[in-house]
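Please consult the sequence and the model while reading.

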Amino acid sequence: MPLTVKYSQTYNDALTTLATVTQRPANVVNLAGLYAIRVELEYNRHVIATNTPHGLSDDPEAEGSWLVRIFQTHGDAAPDELLTHATHAWLVDAFDSALGQLEADGNKILADADYGDISRSEGSTTTPAAEESA
């Protein structure tokens, strides 16, 4: 069985979680022999998530932190640029921290979706700031 299939089955919950918060497909990829979860974002950006510094572990229940990195791709000749990274025991918290750091560093593109922002909902006409002042 190819390892991408094995890891996809093993990390189905993590794939579903990242697909849900990003509203994009999440896949297991082979990065030079190391396996990771990858999500394609807008504007040539992508997320790489692993639960060890050396890729996905064979044991998803192993103690450790999730490492979430957000990269910018500049083309075939240039290496991907690491925009930010974050670690946390929980995948969603690591992802949220990475997004927060991306914005704090001034790397958020205004057209980016507000992944995981539960204060916004489809059809909502008010903003969180308007709700606070009400």
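Gly75 is partly exposed, with a relative accessible area of 30%; buried means under 20%, exposed over 50%, and partly exposed in between (1.4 Å probe, protein chains only). This is a predicted model, in which local features need pLDDT of at least 70, side-chain atom pairs count only at pLDDT 80 or more, and totals for chains, interfaces and linings use all residues. Residues are numbered from 1 along each chain as its sequence is written, and side-chain values use heavy atoms, leaving out hydrogens and water.

- Gly75 belongs to the loop between S4 and S5; strands (E, at least two residues) and helices (H or I, at least four) are DSSP runs, numbered from the N terminus.
- A separation of 8.9 Å is found between the C-alpha atoms of Gly75 and Asn44, which are 31 residues apart along the chain.

**The sheet**

- An open sheet is formed by 5 strands in the order S1-S2-S3-S4-S5, with antiparallel pairing; two strands pair if DSSP finds at least two bridges between them.
- Strand S1 (26–31) and strand S5 (81–88) each have a single partner strand, so one side of each lacks a neighbour in the sheet.
- Strand S4 (residues 66–72) and S5 run antiparallel and are joined by 7 bridges.
- Thr84 in S5 is the bridge partner of Ile70.

**The helices**

- Helix H1 (residues 3–10) packs on the sheet and touches S1 and strand S2 (34–40); contact means heavy atoms within 4.5 Å.
- Helix H3 (residues 91–104) also packs on the sheet, touching strand S3 (45–50), S4 and S5.

Conventions. Axes are lines fitted to C-alpha atoms, for helices over the stretch in contact, and angles run from 0 to 180 degrees between N-to-C directions.
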